[in-house]
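Subject: Structure handover

Hello,

Here is the structure for your files. My notes follow below it.

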Amino acid sequence: MSKIVSVPMEGKVVKINVKVGDSVQPDQEVMIMEAMKMEMPVSAEHSGVVKTINVTVGQTFAPDTALIELE
């Protein structure tokens, strides 16, 4: 069962801190996003292994986009 990392606002990817195959824990910072001219951390809500990363650095995304999928 996949678990999704997303945020409820639009933004732009500044940095991705994980790669496919990495293990993550709840509250671990997985990426940095920019919204409203501020940089904000994005953290995983669940533990798991990074299955896919659906965005790239510099890419903008819509609210609730599946940014990273964990399994």
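Start with Asp27, which sits in the loop between β3 and β4. Helices (H or I, at least four residues) and strands (E, at least two) are DSSP runs here, numbered from the N terminus. Asp27 has a positive phi of about 70°, although it is not a glycine. At 66% relative accessibility, Asp27 counts as exposed. The cut-offs are these: buried is under 20% relative accessible area, exposed is over 50%, and partly exposed is in between (1.4 Å probe, protein chains only).

Before the rest, two points on the source. This is a predicted model, so local features need pLDDT of at least 70 and side-chain atom pairs count only at pLDDT 80 or more, while totals for chains, interfaces and linings use all residues. Residues are numbered from 1 along each chain as its sequence is written, and side-chain values use heavy atoms, with hydrogens and water left out.

Asp64 lies in the loop between β7 and β8. Its phi is also positive, near 65°, and Asp64 is a residue other than glycine. At 55% relative accessibility, Asp64 counts as exposed.

An open sheet of four strands has the order β5-β4-β2-β7, and the pairing is antiparallel. Two strands pair if DSSP finds at least two bridges between them. The edge strands are β5 and β7 (60-61), and each pairs on one side only.

Take the pairs in turn:

- β4 (residues 29-35) and β5 (residues 38-43) pair in the antiparallel sense over six bridges. Glu34 stands opposite Glu39 in β5.
- β4 and β5 form a hairpin, with two residues between them. Met36 in the turn has a positive phi of about 55°.
- β2 (residues 11-16) is joined to β4 by four bridges, and the two run antiparallel. Ile16 stands opposite Met31 in β4. Lys15 has Ile32 in β4 as its bridge partner.
- β2 and β7 run antiparallel too, joined by two bridges. Gly11 has Phe61 in β7 as its bridge partner.

**The other sheet**

Four strands form an open sheet in the order β1-β8-β6-β3, with antiparallel pairing. Its edge strands are β1 (3-5) and β3 (23-24), and each pairs on one side only. Three bridges join β6 (residues 48-53) to β8, and these strands run antiparallel. The bridge partner of Ile53 in β8 is Ile68.

**The core**

Which residues have the most contacts inside the largest nonpolar core? They are Val30, Met31 and Ile68, in a core of 17 residues. A nonpolar core here is a set of buried Ala, Val, Leu, Ile, Met, Phe, Trp, Tyr and Cys residues joined through side-chain atoms within 4.5 Å. β4 and β8 (68-70) each supply at least two residues of this core. The largest share, four residues, comes from β4.

Contact means heavy atoms within 4.5 Å.

**Glu69**

Glu69 is found in strand β8. Glu69 is buried, yet has no salt bridge. A salt bridge needs a side-chain nitrogen of Lys or Arg within 4 Å of a carboxyl oxygen of Asp or Glu. The nearest side chain of opposite charge is Lys51, 4.8 Å away. For charge, Lys and Arg count as positive and Asp and Glu as negative; His and the chain ends are not counted.

What does the side chain of Glu69 make a polar contact with? The partner is the side chain of Asn54, at 3.3 Å. A polar contact is a pair of N or O atoms within 3.5 Å; within protein, one must be able to donate a hydrogen and the other to accept it, and residues adjacent in sequence count only if both atoms are side-chain atoms.

Leaving aside neighbours within four places in sequence, Glu69 is in contact with Ser2, Lys3, Ile4, Val49, Val50, Lys51, Thr52 and Asn54. Glu69 and His46 are 23 residues apart in sequence and 11 Å apart in space, C-alpha to C-alpha.

Best wishes
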